[in-house]
Amino acid sequence: MSIGTLAATMETYSETIQTEELDLAQERELVQRCQKGDVDAMGTLIIRYQHWVYNIAYGILGHHQDAQDVAQDAFLSVWENIGKFEFRSRFSTWLYRIVKNKCFNQIDQHQRRKTDPMEIDDSQPWVPLDTATPEDAALRSEEKDIVHRALSKLKDDYREILVLRELRELPYEEISEILGCTLGRVKSRLHEARKALKKELERVEW
Amino acid sequence: MLAAFQQNSNRIKGFVHPAPPIKDMVMAKIHEELQSDVSAYLDNELAPDRQARVEAHLDSCNECSDMLTAFQENRARIKGLEHPAPLSIQTAVMAQIREQAAKTTVEEPSRTLRFPDLGRWIPDVGRWFLRPVTAGATGFLTLVLILGALYFYPTAPQYEETLDFYFGIHTEQLTDTPFDESLSSIPQDDALESDGDANLFLDLYLENVGN
């Protein structure tokens, strides 16, 4: 590698780090403003994270309306509990945990609502929440449906890590922080999850 | 003797066992180990030397290269699930937050007039005391304070009257005359008596041991 290339690489790397630091600093400032009751700062946080939150919820729940409800509920929880956030972790990590809890609560509620034992499939930890509304049917193609069905058959841990990595493209380090496990555990769990999804999708004829 | 040697040689040869497929076993182990890194290879999360080893293995192993292709395809499929967040999320949440903030602003003056931020402060203190370490430390400090008080306070002059009163009540139980003037002479008599006992003891000691 020539010195010129190396210098260019270092410059790009330095710019990337600075941008990331700037983002984190801005984020911290926004959170602090929210803690003081600044509604506009909360609006900025929502704009910044709504796509992220909505797609995580959608990836876990597999239903647009439920994902929307969970996203709204999660942001309201953030507003109500922002005073408790002490910057011990990234804001996104804290937010993800709120979203995850809301999603799994939603799944529990749906499962409890099903009183007919014939409707409950105990072999699946996750019951698809789709009830095939006309809007959803229009929004979702057949392939998306198949991928959702395959995801629904995976264990919660596998579905969660696939959503974080494949859908949100988070680095291993951030995933380990979110899930509260080591980098090695992230690596092995992600590999197992991908193998499990591959197995599920191989059963389907494309 | 020669016959015996030949016999023993044949016996030793009988121990020879066809070697297990060690090479295959080792290669299978290496394959398994490298395959477990295919996922991290896809994510570019391996150290450079490990990345190079997995890459070399992928060139020669169809099973692992097929796995990598499948992982790449599935990644694209999951990515295809991404959907823009509806604008109604922001609108609905902000409407509720503004409503809550408006209510808080109306209630704010009466609440914070005399005790600013008290409502926010009290739950924090409560939570702080509920933590096991804090609760334990508080208990320990309380115990130390009580023991310290018991150790130091009886000698403090301001509590002597209290102690006198306490012993007076006990004396009352014994004598029914707690505040009798005659009781004040008891310590002096006791002191004299104890001096006499000491002298008597010293005399007896000198008589028996001193000689």
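Modeller: Which word describes how H2(B) and H4(B) are set to each other?
Biologist: Helices here are DSSP runs of H or I with at least four residues, numbered from the N terminus, and in this predicted model the two are residues 22-35 and residues 48-60 of chain B. Their axes (lines fitted to C-alpha atoms over the stretch in contact, with angles from 0 to 180 degrees between N-to-C directions) come within 10 Å and cross at roughly 120 degrees. Angles under 35 degrees count as roughly parallel, over 145 as roughly antiparallel, 65 to 115 as roughly perpendicular and the rest as oblique, and therefore H2(B) and H4(B) are oblique.

Biologist: How many of the 14 residues of H1(B) are buried?
Modeller: Buried means under 20% relative accessible area, exposed over 50%, and partly exposed in between, with a 1.4 Å probe and protein chains only. H1(B) is hardly covered, and its count of buried residues is 0.

Modeller: What share of the residues in chain B is buried?
Biologist: Chain B holds 10 helices and 0 strands (DSSP runs of E, at least two residues). Of its 211 residues, the buried share is 18%.

Biologist: Is A:Thr93 buried or exposed?
Modeller: A:Thr93 sits in helix H4 of chain A, residues 91-113, and, leaving out residues up to four places away in sequence, A:Thr93 touches A:Glu177 and A:Ile178. Its relative accessible area is 0%, so A:Thr93 is buried.

Modeller: How many Å apart in space are A:Glu86 and A:Gln32?
Biologist: A:Glu86 belongs to the loop between helix H3 (64-81) and H4 of chain A, and its 45% relative accessibility makes A:Glu86 partly exposed. A:Glu86 and A:Gln32 are 54 residues apart in sequence, and from C-alpha to C-alpha they are apart by 9.8 Å.

Biologist: How should I read the numbering and the values?
Modeller: Residues are numbered from 1 along each chain as its sequence is written, with chains lettered from A and ligands numbered from 1 in the order in which they are written. Local features need pLDDT of at least 70, side-chain atom pairs count only at pLDDT 80 or more, totals for chains, interfaces and linings use all residues, and side-chain values use heavy atoms, with hydrogens and water left out.

Technical notes:
Contact = heavy atoms within 4.5 Å.
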